[in-house]
Amino acid sequence: MEFLNQSKQLQDFTPGKPGRKLAKLISITSGKGGVGKSNFILNLAIAMSIRNKKVLLIDADMNLSNLDILIGVYPQYTLKNLLDDIVDVEDLLVEGPKGIRILPANSGDYKVQQNTAKLQKALIQAYRELRPDFDYILIDTGAGISEYTTEFVYTSDKIIIITTPEPTAITDAYAMIKMLHFHMKAPDISVVINMVQTVEEGKTIYDKISQIVQHFLNRQVHYMGCILHDRNLKDAVQEQVPLIIKHPRSVASAAIHNMAMTYLKQDMKDNQ
Ligand SMILES: Nc1ncnc2c1ncn2[C@@H]1O[C@H](COP(=O)(O)OP(=O)(O)OP(=O)(O)O)[C@@H](O)[C@H]1O
Ligand SMILES: [Mg+2]
C-alpha cells in the first residue's frame, strides 16, 4: 500500500540523535474549514510548552496559513525560501510565546501554487531535520487533506479532528475519519468538539460521532474534549495574542490546558 511506503520513507530518513527520542507527530485537521483548528493548535502547543515540552508548530495550511498572524509575527522567511537555497531550515523558525517554535507557511502565494511538489519535498526535509530537536511536532493541516500534508497526516502518531456542533461540520468530520480509516492501518484519532454551548452538548456530539464510526467502520475514536464558545477568543485573535496568554483563566483556555495535561500524562504512561 502506498501510504506504508511513504511512512517508511519519512521514518527511515529521519536522523536520530543519541539519547534523544524523535518528536511525536500530531496532525490537527478538520473536514470543514473555520472550525477553530489554528487557534486550538496554537494554544495547545503553548499549554504543552508550559509543561516543559519542546514543541514545534508547523503551519502546513498553504492556502490560508495564519499561525504567524495569530501571534502577531511577520516572518522574514517562509518555506518557499528553501526553494531558493538561501536559507537553512533553522532560519525559518519563528520564536513563539512560552518557547514554542513555529515553521510558517506561505499563504496564497503564486510561487507556492506553481511549486507544489518541490515545496512538499522541502516541507518533508524540514520536518526530518527538525524532528530530533523536539518532543512534539504539531501540524496545522488546514481543512481537508491537501497534497502537502497527506504524507504527514498518514504517518502521524496522533490525529486530532476538530468539529463544531454544526451538522455540516459533523458530517465533514465523519467523512475525514472515514478517509483516514481507509488509508491508514491503525490511526489514533481523537475528536475535539469546539464552540459548544455546554459541556454536555460536546459529549453528546462526540457520542453521536463515535457511534456512527463504530457502526459503519467498526473502529474507535477517542474523545479529547470540548471547548465552550468563548468570546475571549475573538479578542485574543484581534489583539494577536494567543488566548491562553491573553485570557489564561477563560473557559476555553481551561479546556485546552486540561486536554494538554491529560494527553501528556497518557503519553508518559504509554512510554513507560
Ligand atoms: N471556542 C471558540 N469560541 C469562540 N470563537 C472561536 C472558538 N474557536 C474558534 N473561534 C473563532 O472561529 C474563527 C476560526 O478559527 P480558526 O482560524 O482557528 O479556524 P480554522 O479551523 O483554523 O480555520 P481555517 O479552516 O480557515 O484554517 C476565529 O475567528 C476564532 O476566533
Ligand atoms: Mg486555520
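Let me start with the sheet, which is open and built from 8 strands in the order E3-E4-E2-E5-E1-E6-E7-E8, with mixed pairing; strands here are DSSP runs (E, at least two residues), helices are runs of H or I of at least four, both numbered from the N terminus, and two strands pair if DSSP finds at least two bridges between them. The edges are strand E3 (94-95) and E8, each of which pairs on one side only. This is a predicted model, in which local features need pLDDT of at least 70 and side-chain atom pairs count only at pLDDT 80 or more, whereas totals for chains, interfaces and linings use all residues. Side-chain values use heavy atoms, with hydrogens and water left out, residues are numbered from 1 along each chain as its sequence is written, and chains are lettered from A and ligands numbered from 1 in the order in which they are written.

Within the sheet, strand E2 (residues 55-59) and strand E4 (residues 101-103) pair in the parallel sense over 3 bridges, and Leu57 stands opposite Ile102 in E4. Helix H2 packs on the sheet, touching strands that include E1 (24-30), E5 (136-143) and E6 (158-163), and its direction makes about 170 degrees with that of E5; contact means heavy atoms within 4.5 Å, and angles run from 0 to 180 degrees between N-to-C directions, with axes fitted to C-alpha atoms, for helices over the stretch in contact. Helix H6 (residues 116-130) also packs on the sheet, touching E1, E2, E4 and E5, at about 180 degrees to the direction of E2.

Turning to the ligand, which residues come nearest to ligand 1? Of the 16 residues around ligand 1, they are Gly34, Lys37, Ser38, Asn39 and Asp230, where a residue is near if one of its heavy atoms lies within 4 Å. H2 gives the largest share of this shell, 3 residues.
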